[in-house]
Amino acid sequence: MESSSMLEHFAEELRLARAAGGLSQAALAEALSYSGALVAKVETSERRPSLDFARRCDVVLAADGRFERIQRRISRDTVVPW
């Protein structure tokens, strides 16, 4: 999977987990201690999530490391080997 599709995968998983938890973007942002704008950008694949963001998503959404695993694949895929 290329990095852009992993980014979309992270965004989709975040939207689904947030909806399953009954959280709005604003409520999730507050729980994560991130801005609502950042949460919105991650959910639309405009911004790549940081490792910290992914870890907080795992904790807040009880995702058992899923977001960190996806984030690590995004990061690994976007590093260009020289």
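Reader: Does Asp52 count as buried, partly exposed or exposed, and what is its relative accessibility?
Author: This is a predicted model. In it, Asp52 counts as partly exposed, at 35% relative accessibility.

Reader: Which side chain does Asp52 meet in a salt bridge?
Author: Its partner is Arg56, with an N to O distance of 2.9 Å. Arg56 is likewise assigned as partly exposed, at 32% relative accessibility.

Reader: How are Asp52 and Arg56 placed in helix H4?
Author: They are four residues apart in helix H4, which covers residues 51-60, so about one helical turn separates them.

Reader: And Arg55, with which residue does it form a salt bridge?
Author: Arg55 pairs with Glu68, and their closest N and O atoms are 3.3 Å apart. Because Arg55 belongs to helix H4 and Glu68 to helix H5 (residues 66-78), the pair ties together parts that are 13 residues apart in sequence. Arg55 is partly exposed, with a relative accessible area of 39%.

Reader: Which residues are linked with Glu68 in a network of salt bridges?
Author: The network links Glu68 with Arg55 and Arg72. The side chains of Glu68 and Arg72 meet at 2.8 Å, N to O. These two residues are four apart in helix H5, so they are separated by about one helical turn. Arg72 is partly exposed, with a relative accessible area of 39%.

Reader: How many salt bridges does the count come to?
Author: The count comes to five. The protein has 12 positive and 12 negative side chains, and the centres of the two sets lie 4 Å apart.

Reader: A change of topic: is Arg18 buried or exposed?
Author: Arg18 is buried, because its relative accessible area of 14% falls under the 20% cut-off. This residue is found in helix H1, residues 3-20.

Reader: What is Arg18 in contact with, leaving aside its neighbours within four places in sequence?
Author: Its contacts beyond those neighbours are Leu23, Ser24, Gln25, Leu28, Glu43 and Leu61.

Reader: Now the fold: how many helices and strands are there?
Author: There are five helices and zero strands. The radius of gyration is 12 Å, close to the 12 Å that the globule rule gives for 82 residues, so the protein is as compact as a globular protein of that length.

Reader: What share of the residues is buried?
Author: Buried residues make up 33% of the 82. As for contacts with a separation of 6 or more, 56% are between residues 24 or more positions apart.

Reader: And what does the surface consist of?
Author: The protein exposes about 4,900 Å², of which carbon and sulfur atoms supply 52%.

Definitions and conventions. Residues are numbered from 1 along each chain as its sequence is written. This is a predicted model: local features need pLDDT of at least 70, side-chain atom pairs count only at pLDDT 80 or more; totals for chains, interfaces and linings use all residues. Side-chain values use heavy atoms; hydrogens and water are left out. Buried means under 20% relative accessible area, exposed over 50%, partly exposed in between (1.4 Å probe, protein chains only). Contact means heavy atoms within 4.5 Å. The radius of gyration is taken over C-alpha atoms; the globule rule is 2.2 Å times the number of residues to the power 0.38. Accessible areas come from the Shrake-Rupley method with a 1.4 Å probe; for residues, only the protein chains shown count as cover. Lys and Arg count as positive and Asp and Glu as negative; His and the chain ends are not counted. The place of a charge is taken as NZ of Lys, CZ of Arg, CG of Asp or CD of Glu. A salt bridge is a side-chain nitrogen of Lys or Arg within 4 Å of a carboxyl oxygen of Asp or Glu.
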